Amino acid sequence: GDDQFAILSLEQSLKIKTNILGPDDLACANVLMTLGKLKAKKENLDGALVAFKEVKRIQKQVYGKDHLKNAELLIEVAAIQNQLGNSDMAFRCYTEALRIRRSQLYISSPEIAEALVSVGKIHQSNDD
């Protein structure tokens, strides 16, 4: 379907960008982020995690550890880990995303509220 065509197109784009810009360029990370989200949507969770791991490597190198982009990525990874039944790993990812957001945003921001809801959901599912 259209998603499979999109995945193939993104993979081709990634090859071109990697060849031209090198594997550590943010343009590659952006393509990988989109690719990871699409693979997660198609329930290729392992493929999504592979893409997100590479995004993490690039973003950490370019932005450092505590950038908001890293919090966004951690939330994506946490959702997949939760789907895989790895609630402990999901909780750690959400908690780290919350820590990053608290260090970068106002305490009453919607992003912090979203991270708190995610942490609460993990706690609730662990109690069930």
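The lining of the largest pocket in this predicted model divides into eight nonpolar, three polar and five charged residues. The pocket holds about 410 Å³ of space. Of its 16 lining residues, K56, L73, L74, V77 and C93 lie nearest the centre. Three helices each supply at least two residues of this lining: helix 3 (45-63), helix 4 (68-83) and helix 5 (87-104). Helix 3 and helix 4 are taken in turn below.

Helix 3 has 19 residues. Its first and last C-alpha atoms are 26 Å apart, close to the 27 Å expected at 1.5 Å a residue. The buried residues of helix 3 are L45, G47, A48, A51, F52, V55, I58 and Q59. Viewed down the helix axis, these buried residues fall within an arc of 145 degrees, so they line one face of helix 3. Helix 2 (26-41) and helix 4 are included in what covers them. On the other side of helix 3, the residues D46, V50, K53, K56 and K60 are exposed. After helix 3 comes G64, which has a positive phi, near 95 degrees.

N44 sits in the loop between helix 2 and helix 3. Its relative accessible area is 36%, and N44 is therefore partly exposed, since that class lies between 20% and 50%. D46 is placed in helix 3. With a relative accessibility of 56%, D46 counts as exposed because the cut-off for that class is over 50%. Both residues can be set against I80, which is among the buried residues of helix 4. N44 and I80 are 36 residues apart along the chain, and their C-alpha atoms are separated by 9.8 Å. For D46 and I80, the separation is 34 residues in sequence and 8.8 Å in space, C-alpha to C-alpha.

Helix 4 has 16 residues, which should span 22 Å at 1.5 Å a residue; the end C-alpha atoms are 23 Å apart, in agreement with that figure. Its buried residues are N70, A71, L73, L74, I75, V77, A78, I80 and Q81. G85 follows helix 4 and has a positive phi, near 85 degrees.

V77 lies in helix 4 and has a relative accessible area of 15%, so V77 falls under the 20% limit and is buried. Leaving aside neighbours within four places in sequence, V77 is in contact with L49, F52 and C93. V77 and A113 are 36 residues apart in sequence, with 18 Å between their C-alpha atoms.

Q81 is also found in helix 4. At 11% relative accessibility, Q81 counts as buried because the limit is under 20%. With neighbours within four places in sequence again left aside, Q81 is in contact with L49, N86, M89 and A90.

Note on methods: Residues are numbered from 1 along each chain as its sequence is written. This is a predicted model: local features need pLDDT of at least 70, side-chain atom pairs count only at pLDDT 80 or more; totals for chains, interfaces and linings use all residues. Side-chain values use heavy atoms; hydrogens and water are left out. On a 1 Å grid over the protein atoms alone, a cavity is a set of points where a 1.4 Å probe fits but cannot get out, and a pocket is an open set with protein on both sides within 12 Å along at least five of seven lines; lining residues have an atom within 4 Å of a point. Grid points are joined across faces, edges and corners, and a volume is the space filled by probe spheres set on the points. Helices (H or I, at least four residues) and strands (E, at least two) are DSSP runs, numbered from the N terminus. Ala, Val, Leu, Ile, Met, Phe, Trp, Tyr, Cys and Pro count as nonpolar, Asp, Glu, Lys and Arg as charged, and the others, Gly among them, as polar. The expected span of a helix is 1.5 Å times one less than its number of residues. Buried means under 20% relative accessible area, exposed over 50%, partly exposed in between (1.4 Å probe, protein chains only). The arc is that of the directions from the helix axis to the C-beta atoms. Contact means heavy atoms within 4.5 Å.
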